[in-house]
Amino acid sequence: MTDHSASKESVGSYVAAAIGQSEPSETPPSLSNVPSTTSKGMSGDTSWAIEQYDSAAQEEAVRAMLDAFGLGGEHFEDTPRRFVELVRAFTRPIDLAEVLERDFTSVEDNYMVTQVSIPFAGLCAHHLAPFWGSAAVGYLPRGRIVGISKITRLVMAAGRNTPTTQEAITHAIANTMFKHQRLQPSGVAVVTRAGHGCMAVRGPKAPLTETIVSTMRGTFAHSPQTRQEFMDMVTW
Ligand SMILES: [Zn+2]
């Protein structure tokens with residue numbers, strides 16, 4: 001069982017360090033392997049960049065929002081800046097395929113590589129509330145393998161791409177690996193498990209509820225035996 005009581009800040013800074021990117025890149029790379037959606041800012045859309053938006057104007061807007069709520073005083077002085085930083089930290093549209101930039105020759109085929117306990121955090125598109133948890137990713141190499149740290153970086157980057165849904169993050173990870181031009185694995189399996197801030201403090205007010213999303217590609221989708229072998233390794 002993953003401990004979701006870990007502080008948001010520690011998870012966030014861990015994610016930022018793992019992505020190795022303290023600032024969003026200046027130019028958004030082209031979209032190649034990631035399926036895009038039509039809505040601006042949804043997962044996989046790298047055709048826009050947060051740099052196009054003025055952070056001073058964003059702070060001004062947040063200040064106006066606080067004023068509209070009648071919130072002010074010492075503790076709120078820097079809140080606009082903090083909130084803008086928070087949203088911008090989860091608005092880093094990048095080509096996820098580029099995260100898997102390093103691959104190597106596989107010594108054999110017909111085996112499974114599984115990574116578990118990959119921490120990730122996201123900001124939900126519906127409430128701009130944080131969600132966080134862990135992911136498990138498995139794939140079946142076909143000629144090429146990817147550096148294992150890249151799988152962890154991919155999961156973390158998928159969470160930071162844009163405010164989105166856990167479902168979209170899960171699919172983005174699977175599609176990025178399965179459709180990767182050099183890797184071309186014969187199967188990919190992704191399971192994410194997360195607690196959602198918006199579920200915890202509003203709506204059903206269910207702080208202990210966790211959401212598990214799983215998606216399978218290739219052999220994992222077609223072979224119950226292969227899928228079971230993967231799921232047996234996913235011990236939360
Ligand atoms: Zn939400």
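Student: How many bridges join strand 5 to strand 6?
Tutor: Eight bridges join them, and these two strands run antiparallel; strands here are DSSP runs of E with at least two residues, numbered from the N terminus, and two strands pair if DSSP finds at least two bridges between them. This is a predicted model, in which local features need pLDDT of at least 70 and side-chain atom pairs count only at pLDDT 80 or more, while totals for chains, interfaces and linings use all residues. Residues are numbered from 1 along each chain as its sequence is written.

Student: Which residue of strand 6 is the bridge partner of Ala-189?
Tutor: That partner is Met-216, and Ala-189, which belongs to strand 5, also stands opposite Gly-138.

Student: And what does Thr-114 pair with in strand 3?
Tutor: Thr-114 has Gly-138 as its bridge partner there; strand 2 and strand 3 (residues 130–140) are joined by nine bridges and run antiparallel, and strand 3 pairs with strand 5 over 10 bridges, again in the antiparallel sense.

Student: Ok, in what order do the strands of the sheet come?
Tutor: The order is 2-3-5-6, four strands forming an open sheet with antiparallel pairing. Strand 2 (113–123) and strand 6 (211–218) are the edge strands, each pairing on one side only.

Student: Changing topic, why is strand 5 largely enclosed?
Tutor: Strand 5 (residues 187–196) is largely enclosed by the rest of the structure because nine of its 10 residues are buried, where buried means that 20 or more other C-beta atoms, placed from the backbone, lie within 10 Å of the residue's own.

Methods. A residue is buried if 20 or more other C-beta atoms lie within 10 Å of its own, exposed if 12 or fewer, and partly exposed in between; C-beta atoms are placed from the backbone.
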